[in-house]
Amino acid sequence: MSCPITPPAAWIIGRLVAGLEVNGELDALGGPLRGIADHLAGLAVDTRQPALDAFLAARDDRDEVLRSILAVDLNGPMPEAEQEQEQPDEGTDWGPIRFGTLPSVEPFPLHVLPDPARDLAEAAAESIGCPVDFPAVACLAVASGIIGQSARLRIKAGYFASASVYAALVGGPSIGKSPALRAATSPLWAIAHELHQEWQRELEAWEADDPKERGPKPRLRRLASSDCTTEALGPILADNPRGMTVLPDEMTKWVLSMDQYKGGKGGDRPFYLSAWAGEPVQVDRQKHMDGPIVVPHPFLTVIGGMTPDMLSTLPEGKGRDDGFLARLLFAFPDPVPRRRYSERGIPEDVATDWANLIRSLWAREMRSVNGRDQAHVVGMTPEARKAWVALMNAHLAEHEADDFDDALEGCWGKLEAYAGRLALILHLTDLSSDPTRPAPADPPDLPEAVIDAAADLLVYFKSHARRTYAAMGGKAEQGGSDVRAIVRWVLRNDLARFSTRDIDRNIPRFHDNDAALADALDWLVRHNIIRPCSLPEGEQHRRGRKPGPAFDVNPAIHASPRFRHLRRC
């Protein structure tokens, strides 16, 4: 029992056994190799080699398969299919859809972090065996949530940046996303536990008092939640003006749970959209409420992990751009090579320094103005102001460039806002990083060096946004809007074959635009998504207008996660 193993198939099997990420390329496999690949992907990394050995033991081409795996570069891009597969005859198998490699990404600029955060990120990455990006971005998000509404950065008259961050750590299963989050969030949960214990003591004392003489019932100060509905978040945010951090272990669960009780017609996504912008939110679905709960200045930070194959769950269900995806910062690094088990954990002094930094940020209370909690206002030095103007002009010039991809339009708009948010987080964490330098109640003006550091972070998150949008399929570097229009039409109509006349009848954008149609079809053919074919003889000789060139559709496109979101109605 045997079948030829191609270089792409050897690359996929080899990367799975080595614990390296496979970004949707499983669609390149068929037959028994696809079955063992799916099986390997669901196993723990240390059990994959024995599983492959057991599978190959029953094959007479065992040595050939192993030699083929050893011959490919597992750390390089997936090899191209053999030349004879590029234009297969109609009677042969299709072979893989050719996506090419994902865009390269920038390494995380560790130099922008204060020493306690940088040391924690490096120690966690070494201990876990994960990319340093995961604990580093998690540190930024934890600092964001702890800062909350305690401070805002004045951008210009009437414009302020909060510290709010929505971030997603993207990587394959068992790549270390969750352990990295636990390492960074440990001091946050410690503070939350102390707040809960304090509330319990106050509640017990309140319950012991004479009901006629005791005051209002104590309210729990909330800092974080791992599973919280918007109905619950409304009252929590109303009682905690500083804000909340939402920490779903899986971002997919967070997204898919939105409006689950309303058939997708509720207000959960709009709630998070408004909270990100700090705009007033109203919750009126809470049971037993006297009236709606209005939060005039909500603050939320959200961070969690997700796998590349689940990125397609993020866009709005009906294919409309509601701005939700653009509000997310992505960390989608290359996986690190798997090494032997490391006995080294996070040194105690490193964990303590990180916890002290977080507690220092927490110690800065909101300022009280006429009995109401308000944020401290952080300004910029004159030098920082000049650096900020230069950064914004460079960002806008990039946005307006002729070759800018319109699929990233919303993302780049929100990254402009994130520049100020990241600068504020870096400034306040730097002020809190030195235990011998007590953080002043009113933070000093932000210096030029912080703007430069924020600019480096912006470059980092831009590169990871490009990779994320490309991995989703039909976005960024995956063929453009003309290609997406054809693919969406093919998927929604379950087409196995079509002609250019069919396109002309059904996709108005190509009316009188033969050049655009030719370019889109050429891209689809080159990527093995469609191939030219001859129509049945009966259709060729029908009366009337000629049907035009015809194409068969690669059946694999219907299962590809890169185009899954385009299938939604």
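Thr245 is buried, at a relative accessible area of 2%. The model is a predicted one. Thr245 belongs to strand E5, which covers residues 244-246. Which residues is Thr245 in contact with, leaving aside its neighbours within four places in sequence? They are Gly145, Leu188, Leu223, Ala224, Ser225 and Thr301. The 2% value lies under the 20% cut-off, so Thr245 counts as buried.

Helix H7 runs over residues 177-208. It holds 32 residues, and at 1.5 Å a residue it should span 46 Å. Its end C-alpha atoms are 45 Å apart, which agrees. Where does H7 bend? The bend is at Thr185, by about 50°. A proline, Pro187, follows within four residues.

Now to the backbone angles. Most residues other than glycine have a negative phi. Asp494 has a positive phi of about 50°, although it is not a glycine. Asn528 also has a positive phi, near 60°, and is likewise a residue other than glycine.

Both residues sit in loops. Asp494 is in the loop between helix H15 (480-492) and strand E13 (497-499). Asn528 is in the loop between helix H17 (514-526) and strand E14 (530-533).

Are these two residues buried or exposed? Asp494 has 48% relative accessibility, so it counts as partly exposed. Asn528 is buried, with a relative accessible area of 2%.

Terms used
Residues are numbered from 1 along each chain as its sequence is written. This is a predicted model: local features need pLDDT of at least 70, side-chain atom pairs count only at pLDDT 80 or more; totals for chains, interfaces and linings use all residues. Side-chain values use heavy atoms; hydrogens and water are left out. Helices (H or I, at least four residues) and strands (E, at least two) are DSSP runs, numbered from the N terminus. Buried means under 20% relative accessible area, exposed over 50%, partly exposed in between (1.4 Å probe, protein chains only). The expected span of a helix is 1.5 Å times one less than its number of residues. The bend at a residue is the angle between axes fitted to the seven residues ending there and the seven starting there. Contact means heavy atoms within 4.5 Å.
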